[in-house]
Amino acid sequence: WGLMLVLSVAIYGSHAPLLTLCKVDGMIPFSSTSVVVLVELTKLMFSLLFLLTWNRELLGVAVSWRHVAPFALSALLYAANNNLVVHMQLFMDPSTYQVLSNLKIVSTALLYSLFLRQKLSKRKWVALFLLVAAGVSYSCGGLQDPGSPSKMQLHVTLVGLLLISVYCLISGLSAVYTEAILKTQALPLSLQNLFLYFFGVLLNLIGYFWSSAEGSFLEGFSSWVLVIVVSQALNGLIMSVVMKHSSNITRLFVISCSILVNALLSVTLFNLQLTLLFFVAVSCIGLAVHLYYGVT
């Protein structure tokens, strides 16, 4: 568990720096939809490999459509969320998105408590709001480029606020719904992943052809993009283990702790500087972990 969670923190924290390394003249040279399709396909291949290795006896077992169908909705929710992230950028600047997207911590916790009937104590709610505060603090200026103005300008339209609200709702719903399926079905995780990622590949391929993206499927790809694909696929598999055997709350703490890795890589690779807000964020995360897991 420790190795998996540390690896997941590292992958979450390295995602943004890796995307920056992929840029050519300040622009992402590849289709984000292509990357999502490849990530889903890689997860599907890994799931099939795990099934052939550890659960080979299940290959001849008849599976009811009632086991398979729920994963179609899960994949649809994830696909909708991925597309929302792209469209939201038209109605707000990236900094505003980074700040407001932290509200998905609250939406996930509320839906987790409501649908999975997991009552959270006041102390645990305080811990989760501290995670939100940590994310907002870091997004508002935890890192600073010495050569650019330190003042951050936030801009969002009314449509942007509506979209970010829908995004946070779907983000929480997709995570909690998937956790509910994984835990209620008496099937091995490798088989459940096979169903989920099959629909993930199918829906994202439809999205790719629907968007009519110009250029070839692999246009603009580099070795860094391949690192992103493999790491994100591995992280998706780790998160499925977390949701099957732990909870979405653990996933929220993993995402928040990834701030540390993101900051370390940004300082090392891009010569950014840590600000006071970074240390505020780290303090909030430390206190949140203590309140949620360390106090009895």
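Reply:

Helix α11 (residues 276-294) gives four residues to the nonpolar patch, the most of any contributor. (A helix here is a DSSP run of H or I with at least four residues, numbered from the N terminus.) Before going on, keep in mind that this is a predicted model: local features need pLDDT of at least 70, side-chain atom pairs count only at pLDDT 80 or more, and totals for chains, interfaces and linings use all residues. Residues are numbered from 1 along each chain as its sequence is written, and side-chain values use heavy atoms, with hydrogens and water left out.

The patch is made up of Val 267, Leu 274, Leu 276, Leu 277, Phe 279 and Val 280, and together they have about 490 Å² of accessible area. Patch members need over 30% relative accessible area and no salt bridge; nonpolar side chains (Val, Leu, Ile, Met, Phe, Trp, Tyr) are joined within 5 Å, like charges within 9 Å. The areas come from the Shrake-Rupley method with a 1.4 Å probe, and for residues only the protein chains shown count as cover.

Take Val 280, which sits in helix α11. It counts as partly exposed because its relative accessibility is 33%; buried means under 20%, exposed over 50%, and partly exposed is in between (1.4 Å probe, protein chains only).

Now step back to helix α10 (residues 248-270). Its 23 residues should span 33 Å at 1.5 Å a residue, and its end C-alpha atoms are 32 Å apart, so the two agree. (The expected span is 1.5 Å times one less than the number of residues.) At the start of α10, a side-chain oxygen of Ser 247 comes within 3.3 Å of the backbone nitrogen of Ile 249. Just after α10, Asn 271 has a positive phi of about 55 degrees.

Inside α10 you'll find Asn 262, which counts as buried because its relative accessibility is 14%. The Asn 262 side chain makes a polar contact of 2.5 Å with the side chain of Tyr 138. (That term means a pair of N or O atoms within 3.5 Å; within protein, one must be able to donate a hydrogen and the other to accept it, and residues adjacent in sequence count only if both atoms are side-chain atoms.) Leaving aside neighbours within four places in sequence, Asn 262 is in contact (heavy atoms within 4.5 Å) with Gly 13, Ala 16, Pro 17, Tyr 138 and Leu 143.

Conventions
Salt bridge = Lys/Arg side-chain N within 4 Å of Asp/Glu carboxyl O. Helix = DSSP H or I, 4+ residues; strand = E, 2+ residues; numbered from the N terminus.
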